[in-house]
Structures are given as structure tokens and as C-alpha cells.
Amino acid sequence: MVLELQKPRPVWQIMFSTHHTDVGYLYTITGLTFLFMAGVLAMIIRTHLFFPGQGVLISDSATFNRIFTVHGLTMLFLFALPVANGIGNILVPIMVRYKDMAYPKLNAIAFWMNPVGGALLWLGFADTTWVSYAPYSIIRAPGPAADMFIFGMKILGISSILSSINFVVTILKCKHPDLPLRRVPLFAWSMLTVSLMTIVAMPTYAAALIMMLTDRLGISGFFNPFAGGDPIAYLHLFWFTFHPEVYIFLLPAIGMMYEIIPRFSRKPLYSQASGVFAFVMLGIIGFASWGHHMYSTGMDFTTKVVFMIGTLAAVPASGMHVFNFLATMWGGRIKFAAPMKFAVGGIALFFSAGAGGVLNSAMPLDFISHGTYWVVGHMHLFLTGTIGFGFVAMVYYMFPYITGRMYSEKWANVHFIGMFWGTVQVFFTQHLLGLEGMPRRIYDYPPEFTSWTQLNQIASVGAWILGASFAVFLASLIYYSAKGKPANMDDPWGLGGKYYYPVAAKNPHGGHSGY
Amino acid sequence: MGHDTAEWVFVAIVIAVLIYVGVDSWIVQKAVEDVPADAEVIKVTGQQWFWSFEHADGTKEISTLHVKKGHAYVFEIYSRDVMHSFNIPDWVVFEDAVPGHTNHAWFAPDTAGTYPIQCREYCGLLHYNMRGSLVVEDDKS
């Protein structure tokens, strides 16, 4: 072993390492840092919308538009993707019993593109919205910001393709020969599925970004109707990438729940085969539904029906995951430690979000909900409710293995209650706001619409509860990683029984894997 | 490992619900898109950041649209610059205004009153204030 584990290791040893666990730490810490940065933006947005009438917190709409754009981009591409990659980096090589990722240097390069892309997005602070629909992003979006957005997204896109290639090769080619693919743990299956999806989906958006850049420079007119192009083409290219991307964000969180739920239920998983089947199904069907974002762009009836069927077809596979979780918990001796609480909370909110999604996909109802706060509430129920809960559960689960110390169950409980309460209060209320007709992405609303004012204020109070719960999370992560009680590394939660543990996360350069 | 009947029953119930949702929305959407033959055409143009309207008889209006109760109207929706979305939430009129395309939506108001018109697709600086009003008047003729 070249690097022997030192306790504590100096930070540059982690920063300049290509070891999968170290890169995993870097990804996870970067992702969590951006989570708190984007969370501050969310708090500003919700506090601003508490009061109708201009200029209470943010004095002009341009700033507001920039804030919600960067909030969205950061949460999606600088929190959700890096944290999934980070946990994947730590666990996938252990799960397939290989010494590292297939291409360690490529792995480190893919990580180091994230801070660069993130810096471009934050320094540019574009106002194009994260979807950056043409022709606004081409003919109207102001100067260097929109171009920095294009380059930042380009870098993040390449990073995500590189890390996906790495995961696919690691899982398919470097897997231990005695380990059949069907017995690879489901979290690694989720990373395999999303990596294959990224490799298929992401190049389309990468191409669209280049076309947008040349359109902005005026040397082409792909999406510019005033130069003979068609904005609808951009929407197709964009959603062809980013509807599958929804599953790319979601499936690792589901995979993390598969790690946590059987252990804390003290029962074997109900069905490995149905979990694998549901992942692969979602990976394929995810590509059949992008048009449901575009029902109102003048799409003809037949196309709408095709995309509605494609969208509905994804529901049974998602339902199979929920069934698998419930059947695993059924009759188990469940221990509701923090990881289990967050995982179960995430399943409940996943179910609510999915039920709302069925309503969105029904064509006539989409014309009521599309582009309103209903959609904001719906996708945040996935992003906060499912992905956020899954990731937070995993952070608590990995905490003793990474730091060697135990978090405080009491403060984790405060975090859980605040986060669940806040999520329900903000995002369920936003569904109602959508039914009242409030469009998304608006800086201000007329004070005479009293129902909008009331619902916005309820949502803002929920957002403050949610924000406060994350302040508790941040404080307890920092405090207990330094001052927590030393964890019992053989069984931090006292579950007993023979379960595998990712103990190699603590001692990446030696020791047994636990699998 | 292994399936049992409970999972198949669960999946079958989910699929049955989805088939119901799909068939029902097919029927409703088919009815919604059936524009009455006598519908009067109103041209709607979105631009940063207001709506303008042109009636079949050539009358032009900006921001406020007057229509008569009990008549059917079909909107021809254009955009002069970026994407907008023409929306009257109370009458579920919602269709994007896409530059280079002409989109259609129709409605037949049966209650007199004043209703908000808004833009539901992000269109820049004053997107939030791209509002108008629809005035449905009693037909006196």
C-alpha cells in the first residue's frame, strides 16, 4: 500500500488522491456545500414571496430571476448529481469487489470539473431559468451570464458523461468474477442504470448547448425563429435529455433506500429480482415520456397521446420499488434510527409525488397544472421529498463509517421532524397554489388575490421550518464529526445479526470490505 | 429472491388505474379539442410584456379583452419575440405563444364577469407583470 491511513489525514492527501473513497468524499462534501448555498437562495425566494408587492426583500425582478435560476441549477447539477456520484464512488467498487474505480484518474478529473462548472454558474448568475428555453436564451438573455451558463453546463455535462463511463466499466468489467451481475447490490444496479442513461441522454443536450452558443453568437439559427430556426426543436432536444435526467436524479436515491431498509428492518430484501427489473424498466421507459413537458406547445392530439402512454408506463415500475420496500419492512423488527426514518419518510413522499405525476400526465389536467406552482410543488416533492430524504438518510448511514463517530440521534430526530413537516407544508401548499392559477417563476403577484397571498405565506413558513431543520443538520454534521462519541464500527446502531457494513469507507487504503 | 402473487396483484391494480386515467383523459381531451364550427376567431399576440388582441371585425385591444357571454371563441396565438403562454386560469385556456408558430385554444364563456389573463411561460424581466383581463359581457343584441 503506497498510502497508509493516517489519523487524521491532511486534507491535501484527500484532495489530490485518485482513490475512489477519497474522490467519493470530495464529491459528497462538494455536493453538500452546494446544497446549503442553494438552500440559502431558496430561503431568499420564499421570504421574498411572503409579501405581495414589489421590493420587500429583492428590489428588482432581474435579481429574482437570477436567484431562482441559480437555485435550480445548483440543486440539480451541483447537489443531486455530485452526492449520488460521491456515494457511488465510495460504495460501488466495494460492492463489485474491485480495488478502485476502473479509471481512477478519469474519476478525479470528472470530480474536479464540478467546482469549475459550479464557479461558472455562480459567477455568471444567469437569468435564463434552468430550462433556458429558446429563443429567450438566445435573443434576450443578457450577456456574459448566459454564455457562462452555457460553458458551465457544458463542463458539468462532460463531467457527468466521464463519471458514467467509469461506473459502467467498473460494474460490468471489473466486477469480481465470482459475483454474478444479478447479485450485485441494488445500489450498484441503480448507479449502473443511471450511468447508461446519462451516456445515452447527455450528448443530446451537449449538442443543443453548442447550437445555442452559436445561435447566441449569430453564426447559426437553429433555434432562432428570426433566422429561420424553430424553438420547439430546442425543447425536444432539451427534454429528451432532461426527462431521463429526472430518473438519473431519482434512481440513486431509491438505490440508497435499498441499502438502508433491509438492514434496519432486520430482514432480507423482499425481492432483488423485482428491484433490478424495476430499475431497468425505468431506465428504458424514462426515454419515452419527454413530450409531456410540451403538451401546450401546439402538439397534435396523437403525439400527446403517445407521450401520455409513455409517461404512464413508468408508473408500474416505480410502484414495484414502493411495493418492494413495504414488503421488506412487513413483519420486520424495524429499528427507526435516523437513516430508517429518512428512508421511510422519503418513500411516503415518493408515493405522493408519483400520484401527483399521474395527474400531470393526463392531458386535460396538464393544461390546468402546467407552468403553475403545481409543477413546482410536484417536482420538489421528488427532489426534496424523495432524493433529498434518500441522500440525507445515506449521509446519516455513512456518518459513523466515514468519521468513526456517532451523530446524535436526538438532533437527527429534530432534523427529521422539521424536514418532513417543512417539506409537506411547502410543497403540498404549492400544489394548491397551482390550482389557484399562480404561474411559476414570478417575481411578484397582485396583493388583491388573497388566496395567493395566504397560500404563499403558508408555504414560506414551511420553507423556514425546512431551512431551520437543515441548519440543525449542518451544525450536527460539523459538531459530531469532531466531538461525537466514537462509534462501534462493527454495529453502530446495535442491530445485531449478520449484515454487511461499508466499513472500508473509514479505512480506504486497507482493511476488509465487509461485503 | 422470488416473486409472489401479492406483487403481481399490486402491479395489476396499478396498471388498471393507469388504463382508467389514460382512457378517461383520451375521451376528455378529444372533447376539449373539438372546436365548434361557429367559433369566432380572436388573434392573440404576445410580446414582452403585454398581450394584444384583434377581433374578427378588426377591433384591436391591448391587455383587456372584451367578449360576449354565450359565444364560442377560438384564439389564434402568436408571439412577436420569445415564448409566452396565453392563460386564462378561470376558463382553463392555456396554450404557448411560440414565435414562428400559430397555436389554437378555444372557450365559450357562460358567466359574465372579469377574469385575469396572464403569461405562464417565463419570458424575462417583467414576466410576472404580463397580466391582462378578460371581460365577459352579457349579449344585449
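How are H7(A) and H8(A) oriented relative to each other? In this predicted model, helix H7 of chain A covers residues 186–217 and helix H8 of chain A covers residues 231–265. Their axes lie 8 Å apart and meet at an angle of about 165 degrees. Angles over 145 degrees count as roughly antiparallel, and H7(A) and H8(A) are therefore roughly antiparallel to each other. The crossing of this pair is left-handed. Sorted by class, the residues in the contact of H7(A) with H8(A) are 24 nonpolar, 6 polar and 2 charged.

**The contact between the chains**

Chain A contributes 44 residues to its contact with chain B, and chain B contributes 41 residues. H8 of chain A, described above as the partner of H7(A), is also among the helices that each supply at least two residues of the side of chain A that touches chain B. The others named for that side are helix H3 (61–95), helix H5 (136–140), helix H9 (272–285), helix H10 (301–312), helix H11 (314–329) and helix H13 (363–369). By class, this side of chain A holds 27 nonpolar, 13 polar and 4 charged residues.

**Chain B**

Chain B has 1 helix and 10 strands. Read from the N terminus, its elements follow the order α-β-β-β-β-β-β-β-β-β-β. The radius of gyration of chain B is 20 Å, whereas a compact globule of 141 residues would have one near 14 Å. Along the principal axes, the C-alpha atoms of chain B fill a box of roughly 70 × 40 × 25 Å. Of its 141 residues, 35% count as buried. Among the contacts in chain B with a separation of 6 or more, 61% come from residues 24 or more positions apart.

**Phe111 of chain A**

Phe111(A) sits in helix H4 (residues 104–124) of chain A. Why does Phe111(A) count as buried? A residue is buried if 20 or more other C-beta atoms lie within 10 Å of its own, and Phe111(A) has 25 within that distance. Leaving aside residues up to four places away in sequence, Phe111(A) touches Val23(A), Leu26(A) and Tyr27(A). Gly24(A) is 87 residues from Phe111(A) in sequence, and the two are 8.9 Å apart in space, C-alpha to C-alpha.

Definitions and conventions
Residues are numbered from 1 along each chain as its sequence is written. Chains are lettered from A and ligands numbered from 1 in the order in which they are written. This is a predicted model: local features need pLDDT of at least 70, side-chain atom pairs count only at pLDDT 80 or more; totals for chains, interfaces and linings use all residues. Helices (H or I, at least four residues) and strands (E, at least two) are DSSP runs, numbered from the N terminus. The radius of gyration is taken over C-alpha atoms; the globule rule is 2.2 Å times the number of residues to the power 0.38. A residue is buried if 20 or more other C-beta atoms lie within 10 Å of its own, exposed if 12 or fewer, and partly exposed in between; C-beta atoms are placed from the backbone. Two residues are in contact if their C-beta atoms, placed from the backbone, lie within 7 Å. Axes are lines fitted to C-alpha atoms, for helices over the stretch in contact, and angles run from 0 to 180 degrees between N-to-C directions. Angles under 35 degrees count as roughly parallel, over 145 as roughly antiparallel, 65 to 115 as roughly perpendicular and the rest as oblique. A crossing is left-handed if the near helix is turned anticlockwise from the far one by less than a right angle, and right-handed if clockwise. Ala, Val, Leu, Ile, Met, Phe, Trp, Tyr, Cys and Pro count as nonpolar, Asp, Glu, Lys and Arg as charged, and the others, Gly among them, as polar.
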